[in-house]
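This report goes through a single protein chain, from one local contact to the overall make-up. The sequence and the structure come first.

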Amino acid sequence: MKEKTKEFLKKNLIGFILGLISACTISVIAATYFPSVDVTYDNTESGLASTNVQGAIDELYGVCTAEPPAGETIIEDAGLEKDPYECRYFFTGATPNNYITFNDEPAGWRIISIECDGTIKIMKTVNINTSNNLYWDSSDSNNWSRPASLNTYLNTTYYNTLNETAKKQIIQSNFSIGKITENNNDLISQINAENKTIWNDNIALITVSEYLRSNSNDACLSLKTNNENYSTCHITNWMSNLSGLVLTVTASANSTKNYIFYINCTSDGGSGFISQMPPSMSTFYTVNPTLYLSSDIKITRGTGTQTDPYEIEL
C-alpha cells in the first residue's frame, strides 16, 4: 500500500494532494467513512487536475486523521513538512517547489504554508522596496497594530496596486504580532509569544518562527541556534536570502527603545542572521509582502518550480 502510494505521488503540491485523495479513498471504503459534503475534487479542467485545497485538508485531518496514509515521507517528498507545533504544513529546505503565480506575476510568489483551515500563506519573492526608504514606523514604534507606517502602506498603497482578481483571492486573516525575546532558544515559547497578540487584515510579513520553521535542519530551529550557526543554517532554508523585515518584534533591555527584527544577509558567505534595530531606521528595510489565499482557491496546473509555477483560480 505504501509503495504504491509513493509511486503515485508526484513531487509537488498537486501530487501530494492527489495522493492523499487516492489513499484516503481506500481508507474511506475500509472504515465506511465519507468525506464532508463540501469536499469536492474537480479533475476535468486540465491534464493535471483542479484541486480544492480545502477538501484535501479536510481529508487529511478528517478521514486520514493527522497522519497521511503513507507516512511522513510523503509530505517530505511533496516539499511539505507537517509542523509539530501548530496545525500547518510548511515548505522547508533550500529549494522546495513552492513557486506560485499570483497577481499576474509568474513565479513572483512562493508558498510558505498550507493552513489547517485550507488557506494558503504566500510571500512575494522580490522585495518591493527598491529605493530603500520604507520605514517600519516613522514614529519609532514597534506596535504593528498602532498601525505602524509599514502596516498602513502595505494595506492601502501596496494593496491598491494589486489587480482585482488578486484582491478577490486574498482573505483577511490573523497575523501573529506578539513580542519575543532577542536570544530565544525555545521555539515553542517563541511561537506562543508571537500568538499572544493577533492582528487581522490583508497583508503583513513573515514572523521569526515561520522563518525558522522553513529550515529543514533541526539544529537551526531556534533563534539562538540559527544565529550561532547562520553560515550553515542558511544553506537549508529557502528564505535565508530575503534580507528583509519580519513581523515579529521585541522590546529591548533598554526600556526607552523598542526594536524590530530583520533577516540580515552577511558579507562573509553566509546569510539569514536575525538581527534587530529601531523601527525608524531605514537600513536593510526591504519588504516581502505576505498574505493568505482563500481556501476556495484551486490549483489548476504547474509543478511549483520557478519555470513551471503553480497556477490558481478562485
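## A charge over a ring

Arg110 sits over the face of Tyr99, at 4.1 Å from the ring centre. This distance, like every value below, is computed from a predicted model.

## Aromatic pairs

Across the whole structure, a search finds six aromatic pairs. In one of them, Trp136 and Trp144 have ring centres 4.9 Å apart and planes at 55 degrees, so the pair is classed as tilted. Planes under 30 degrees apart would count as stacked, and those over 60 as edge-to-face. Trp136 has a relative accessibility of 0% and therefore counts as buried. Trp144, at 2% relative accessibility, counts as buried too.

Trp144 also pairs with Trp199: the ring centres are 5.8 Å apart and the planes stand at 90 degrees, so this pair is edge-to-face. The pair links distant parts of the chain, with Trp144 in the loop between β7 (120–124) and α5 and Trp199 in strand β9 (residues 198–201), 55 residues apart. Trp199 is buried, as is Trp144. Ring pairs join Trp136, Trp144, Trp199, Phe175 and Tyr292 into a cluster.

## Helix α5

Helix α5 spans residues 149–158, and its buried residues are Leu150, Asn151, Leu154, Asn155 and Tyr158. Around the helix axis they cover an arc of only 120 degrees, which means that they lie on the same side of α5. An α-helix has 3.6 residues a turn, so residues three or four places apart point the same way.

## Helix α7

In helix α7 (residues 187–195), the buried residues are Leu187, Gln190, Ile191 and Glu194. Viewed down the axis of α7, they fall within an arc of 100 degrees, so they line one face of the helix.

## The chain as a whole

The chain holds ten helices and 16 strands. It has 314 residues, of which 54% count as buried. Among contacts in the chain with a separation of 6 or more, 62% are between residues 24 or more positions apart. The accessible surface of the chain is about 13400 Å², and carbon and sulfur atoms make up 49% of that surface.

Key
Residues are numbered from 1 along each chain as its sequence is written. This is a predicted model: local features need pLDDT of at least 70, side-chain atom pairs count only at pLDDT 80 or more; totals for chains, interfaces and linings use all residues. Side-chain values use heavy atoms; hydrogens and water are left out. Buried means under 20% relative accessible area, exposed over 50%, partly exposed in between (1.4 Å probe, protein chains only). Helices (H or I, at least four residues) and strands (E, at least two) are DSSP runs, numbered from the N terminus. The arc is that of the directions from the helix axis to the C-beta atoms. Rings of Phe, Tyr and Trp (its six-membered ring) pair if their centres lie within 6.5 Å; planes under 30 degrees apart count as stacked, over 60 as edge-to-face and the rest as tilted. A charge sits over a ring if NZ of Lys or CZ of Arg is within 6 Å of the ring centre and within 35 degrees of the ring normal. Contact means heavy atoms within 4.5 Å. Accessible areas come from the Shrake-Rupley method with a 1.4 Å probe; for residues, only the protein chains shown count as cover.
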